[in-house]
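The entries follow in the order I made them.

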Amino acid sequence: MKPLTHKQFDRLARELFGAVLGDYGFTCEASSRCTFVRQIDADVYHIIMPDPGTRCAWYDVHVFPTSPRLQNDFDTRFPDDLGNTLDVWGKLGETGIGMNTQGFNCKYESNMRARFSQTVAKLLTTYAVPFLDQIQSYNEVLPHLRGPMAKMNKGK
């Protein structure tokens, strides 16, 4: 059994996450990797992005709202290279969305499939989607901004 490559991770993440997130209006069609996007309106996008570690042995999941109004280069960076507007507070874990950076095993395809079905799928529907569901307008995005994104957009 060979460890997953980044390309294999992206393919598998598209399959697994897509099976769950598609029911909530998310798609990764615009992504060259596996960034899932749901557009709310012209000013609000919801992002769920599985992100593998450097050796593809584990991954974490970034969950955040964003807007073209937050970054001048939004269109050129969308969707794969946008910064997490919640900074380190935008990670999915067993206690919700926050700083609780949690790595999920993906060294081998079997590990990733098992961990996804046992844990990650439920976390997406219990925490990630409901968190993003509450953010429906640009003004509702602003109070959630953290880190550099909050400093850059203070007073907008």
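Predicted model: local features only at pLDDT ≥ 70, side-chain atom pairs only at ≥ 80, totals over all residues.

Residues are numbered from 1 along each chain as its sequence is written, and side-chain values use heavy atoms, with hydrogens and water left out.

**Entry: fold**

I looked up the secondary structure. The chain has five helices and six strands. I took helices (H or I, at least four residues) and strands (E, at least two) as DSSP runs, numbered from the N terminus. In sequence order the pattern reads α-β-β-β-α-β-β-β-α-α-α.

**Entry: overall dimensions**

For 156 residues a compact globule would have a value near 15 Å, and the chain agrees, with 15 Å. The C-alpha trace spans about 50 × 30 × 25 Å along its principal axes.

I then looked up burial and surface. Of the 156 residues, 46% are buried. The accessible surface comes to about 7,900 Å², and carbon and sulfur atoms hold 50% of that. The areas come from the Shrake-Rupley method with a 1.4 Å probe.

For contacts I used heavy atoms within 4.5 Å. Among contacts with a separation of 6 or more, 56% join residues 24 or more positions apart.

**Entry: charges**

I counted Lys and Arg as positive and Asp and Glu as negative, leaving out His and the chain ends. That gives 18 positive and 17 negative side chains, and the centres of the two sets lie 7 Å apart. Each charge was placed at NZ of Lys, CZ of Arg, CG of Asp or CD of Glu.

Side chains of opposite charge can pair when their charged atoms come close. My rule for a salt bridge was a side-chain nitrogen of Lys or Arg within 4 Å of a carboxyl oxygen of Asp or Glu. The count comes to nine salt bridges.

I went through three of these pairs.

- Glu109 and Arg11 form a salt bridge at 3.9 Å, N to O. Glu109 lies in helix 3 (residues 109–133) and Arg11 in helix 1 (residues 6–21), so the pair ties together parts that are 98 residues apart in sequence. Glu109 is partly exposed at 31% relative accessibility, and Arg11 is partly exposed at 42%.
- Asp81 and Arg33 form a salt bridge, with the closest N and O atoms 2.9 Å apart. This pair links distant parts of the chain, 48 residues apart: Asp81 is in the loop between helix 2 (74–77) and strand 4 (91–93), and Arg33 is in the loop between helix 1 and strand 1 (36–41). Asp81 is partly exposed at 42% relative accessibility, and Arg33 is partly exposed at 34%.
- Arg77 and Asp73 meet in a salt bridge at 3.9 Å, N to O. Arg77 has a relative accessible area of 29%, so I logged it as partly exposed. Asp73 is partly exposed too, at 35%.

I also checked for shared partners. Salt bridges join Arg11, Glu15, Glu109 and Arg113 into one network.

For the contacts below I set aside neighbours up to four places away in sequence.

Is Thr119 buried or exposed? Thr119 is buried, with a relative accessible area of 13%. Thr119 sits in helix 3. Its contacts are Glu94 and Phe104.

Where is Pro52? Pro52 is in strand 2 (residues 44–52). Pro52 is buried, at 16% relative accessible area. Pro52 touches His6, Phe9, Trp58 and Tyr59. From Pro52 to His6 the C-alpha distance is 7.4 Å, across 46 residues of sequence.

Which residues does Thr27 touch? Thr27 touches Thr35, Phe36 and Val37. Thr27 lies in the loop between helix 1 and strand 1. With 32% relative accessibility, Thr27 counts as partly exposed. Thr27 and Arg38 are 11 residues apart in sequence, and their C-alpha atoms are 6.6 Å apart in space.

Definitions and conventions
Rg over C-alpha atoms; globule rule 2.2 N^0.38 Å. Buried < 20%, exposed > 50% of the residue type's maximum accessible area, 1.4 Å probe, protein only.
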